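Hello,

Here is the structure I promised to pass on to you. Have a look at it first, and then read on for what turned up in it.

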Amino acid sequence: MSQLLFQFRLQSRHGAAGDSLSVDVRNGEQEPWQPLEPSLQTPGFRLFLLSLLLCQHHYLVANAVERHLPLAAVDGVLSVTASADWMIEAVDGTFQVRLEAPDGAPTPQLDEASRAFLERRMKVCPVSRNLPGTVTKAIVVQAAG
């Protein structure tokens, strides 16, 4: 029995650069990335996975604001593995956070306490919390290099 792989790539910009969000998708690591522009023709399963990605992103951004972290950008990749019968088995995400310097100040760093706080808070995203307990979930927040 083979597995299905769905990957989403998210880029969001915040702060002085203005706010923007884009999402690309591909089915499998060998496929090219394609912009995801949801419509009435978008398959429901893809919309469900998009909601998982956007929920994680929302919780990251909202909790960065709560922690007074001046976000400049978030780049993330979410990989979802499903069984041949479309049951989600694993969710793996990596989100890279870039902070911006307030006017004339040095660029702040994403310290370990803040990074761990963001990861912990992202785990309470209602979409991922509603996945079955058998689903392996790993979400990592990193400082952008």
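Helix H1 passes helix H2 in a right-handed crossing. Please keep in mind as you read that this is a predicted model. H1 covers residues 44-66 and H2 covers residues 112-122; their axes come within 9 Å and cross at roughly 135 degrees. Angles over 145 degrees count as roughly antiparallel and those from 65 to 115 as roughly perpendicular, so H1 and H2 are oblique to each other.

Which residues make the contact between H1 and H2? From H1 come Gln 56, Tyr 59, Leu 60, Asn 63, Ala 64 and Glu 66. From H2 come Phe 117, Leu 118, Arg 121 and Met 122. Sorted by class, this contact of H1 with H2 has six nonpolar residues, two polar ones and two charged ones.

**An aromatic cluster**

Next, the aromatic rings. Searching the whole structure gives three aromatic pairs. One of them is formed by Phe 6 and Trp 86, a tilted pair with 5.6 Å from centre to centre and 35 degrees between the planes. Phe 6 sits in strand E1 (residues 3-13), while Trp 86 sits in the loop between strand E4 (71-83) and strand E5 (88-99), so this pair ties together parts that are 80 residues apart in sequence. Is Phe 6 buried or exposed? With a relative accessible area of 9%, Phe 6 is buried, because buried means under 20%. Trp 86, by contrast, counts as partly exposed at 45% relative accessibility.

Phe 45 belongs to helix H1 and Trp 86 to the loop between E4 and E5, so the pair ties together parts that are 41 residues apart in sequence. Phe 45 counts as partly exposed, at 21% relative accessibility. Taken together, Phe 6, Phe 45 and Trp 86 form one aromatic cluster.

Gly 93 is part of strand E5, and it counts as buried at 3% relative accessibility. What does Gly 93 touch, leaving aside residues up to four places away in sequence? Its contacts are Val 77, Leu 78, Ala 138, Ile 139 and Val 140. For Leu 78, the C-alpha to C-alpha distance to Gly 93 is 4.2 Å in space, although the two are 15 residues apart in sequence.

The other is Ser 83, which lies in strand E4. Ser 83 also counts as buried, with 7% relative accessibility. Again not counting residues up to four places away in sequence, Ser 83 touches Ser 2, Leu 4 and Glu 89.

Enjoy exploring, and do write back with any questions.

Best wishes

Note on methods: Residues are numbered from 1 along each chain as its sequence is written. This is a predicted model: local features need pLDDT of at least 70, side-chain atom pairs count only at pLDDT 80 or more; totals for chains, interfaces and linings use all residues. Side-chain values use heavy atoms; hydrogens and water are left out. Axes are lines fitted to C-alpha atoms, for helices over the stretch in contact, and angles run from 0 to 180 degrees between N-to-C directions. Helices (H or I, at least four residues) and strands (E, at least two) are DSSP runs, numbered from the N terminus. Angles under 35 degrees count as roughly parallel, over 145 as roughly antiparallel, 65 to 115 as roughly perpendicular and the rest as oblique. A crossing is left-handed if the near helix is turned anticlockwise from the far one by less than a right angle, and right-handed if clockwise. Contact means heavy atoms within 4.5 Å. Ala, Val, Leu, Ile, Met, Phe, Trp, Tyr, Cys and Pro count as nonpolar, Asp, Glu, Lys and Arg as charged, and the others, Gly among them, as polar. Rings of Phe, Tyr and Trp (its six-membered ring) pair if their centres lie within 6.5 Å; planes under 30 degrees apart count as stacked, over 60 as edge-to-face and the rest as tilted. Buried means under 20% relative accessible area, exposed over 50%, partly exposed in between (1.4 Å probe, protein chains only).
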